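Have a look at the structure first, then read on.

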Amino acid sequence: MATEALGSQVAATDRSAGYGQLALSVLRAGGRVLGRVFGVVRPVAWVLIVATIALWIAGQSLGWWELTVTAVVIGAALLLCLLFLIGRTAYDVSLDLNRTRVVVGERAVGALTLSNTGTRAILPSRVVLPVGHGRGVFDVHRLAPGEEAEELFAIPTSRRAVVKVGPVSVVRGDPLGLFERVHRRDEPVDLFVHPRTVLFDGQSLGFLRDLEGLPATDLSPDDVSFHALREYQAGDDLRHVHWKSTARTGHIMVRQYEETRRSHFVIGLSTSPADYRDDEEFELGISVAGSLGLRALRDSQRVEVRVQERALPAATGKQFLDALSGLEHSRARAGGIVELAGSVAATLALASVVVLVCGSKVDANDLRTACSRLPFGARVLAVVVAPAGTAPALRRIGDADVITVGALEQLPLALRKVLA
């Protein structure tokens with residue numbers, strides 16, 4: 001009997017759980033339907049709906065037929081406007097950007113094509129194309145079956161950014177703007193607005209440690225940095241036998257080496273807002289870092305880029321510039337140039353050249369501290385970006401060369417002075 005009672009309780013529990021799941025599914029479906037229904041009503045229409053109900057109640061309660069007639073007229077207007085939502089919007093939408101990567105100041109040109117692939121005509125409608133924080137609106141005429149319409153547009157690019165273009169929305173609404181039915185088509189496209197960069201002749205900053213760089217702690221059987229002698233082991237290259245020691249000890253002795261660092265070009269770009277006077281300085285710093293990184297990549301160097309709290313991808317020039325396009329100021333708790341230098345030293349101990357880029361609000365003491373934290377033996381170059389009109393300057397802070405530039409075009413000349 002106890003077993004039967006327990007089975008009945010379990011069955012009842014299962015039925016209750018099943019009813020609960022069914023009720024939840026019904027509520028979710030109802031919520032989606034209500035969301036689509038209420039989604040077509042604009043705020044102005046809600047005001048008119050409430051006014052219609054209030055006027056009707058007031059007219060019936062007070063016996064004022066004027067209020068009742070007003071409510072009927074407004075209600076009829078609302079019903080007529082609802083009729084404009086009827087109709088198909090099944091366009092075949094194609095969004096094509098001529099270029100998805102441009103430089104600040106260039107115009108990105110694109111085309112929006114809408115085709116009616118159905119068997120019935122599509123009534124006139126509006127097409128909304130979101131572009132970043134703005135949007136473009138196009139009026140599309142009636143399209144017969146098999147007909148298409150093309151709209152050309154240009155996107156101004158006055159600032160570095162990653163601009164999301166789309167998704168395209170087809171809007172069917174009434175002339176009074178009371179109701180609006182929106183159908184989204186196509187997928188958004190990212191437009192990368194790259195920072196300005198400057199080209200300059202190849203430089204040798206990244207190759208100073210290729211052959212005679214400081215040795216690492218890893219031992220190697222074949223390198224240029226001699227470490228010690230040891231007894232011969234099977235498989236050792238006979239070219240590294242040290243014959244004088246062999247003759248003196250009576251055992252075959254071979255040379256052992258320490259691995260030297262490879263050419264490793266590191267850029268530390270400060271994104272702390274406290275390091276820059278204004279946004280123009282920050283943009284100049286990004287352009288300087290981009291120019292240096294592209295030159296190093298063209299010289300086939302291994303490039304690493306660090307900003308506060310993270311690394312930027314820099315395997316190729318396109319990848320590097322894409323990452324710079326979306327770069328923003330870091331949080332205050334991430335620190336400034338000193339903390340960035342400490343992060344570089346902790347993660348890139350074998351760097352051969354480190355370039356720090358910061359704004360003019362960084363004083364000489366902080367810059368000296370930052371340079372002292374960098375990996376021992378690496379050549380250090382600091383680039384300080386200054387307000388427009390500042391003349392280029394070169395100075396020494398500790399073991400680091402520090403150049404100051406007030407414009408991107410001053411960078412090649414300043415680098416030539418460093419390498420002279």
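## The largest pocket

Eight nonpolar, three polar and eight charged residues make up the lining of the largest pocket. Here Ala, Val, Leu, Ile, Met, Phe, Trp, Tyr, Cys and Pro count as nonpolar, Asp, Glu, Lys and Arg as charged, and the others, Gly among them, as polar. That lining has 19 residues, and Arg 196, Glu 280, Glu 283, Leu 284 and Ser 287 lie nearest the centre. A pocket is an open set of points on a 1 Å grid over the protein atoms alone, where a 1.4 Å probe fits, with protein on both sides within 12 Å along at least five of seven lines; lining residues have an atom within 4 Å of a point.

## A word on the model

This is a predicted model: local features need pLDDT of at least 70, side-chain atom pairs count only at pLDDT 80 or more, and totals for chains, interfaces and linings use all residues. Residues are numbered from 1 along each chain as its sequence is written, and side-chain values use heavy atoms, leaving out hydrogens and water.

## Aromatic pairs

How many aromatic pairs are there? The count is two, with rings of Phe, Tyr and Trp (its six-membered ring) pairing if their centres lie within 6.5 Å (planes under 30 degrees apart are stacked, over 60 edge-to-face, the rest tilted). Phe 138 and Phe 153 make a tilted pair, 6.4 Å centre to centre with 50 degrees between the planes. Both are buried, meaning under 20% relative accessible area with a 1.4 Å probe, protein chains only.

Tyr 276 and Phe 282 sit edge-to-face, at 5.3 Å and 70 degrees. Tyr 276 is buried because its relative accessible area is 3%.

How values were computed
Buried < 20%, exposed > 50% of the residue type's maximum accessible area, 1.4 Å probe, protein only.
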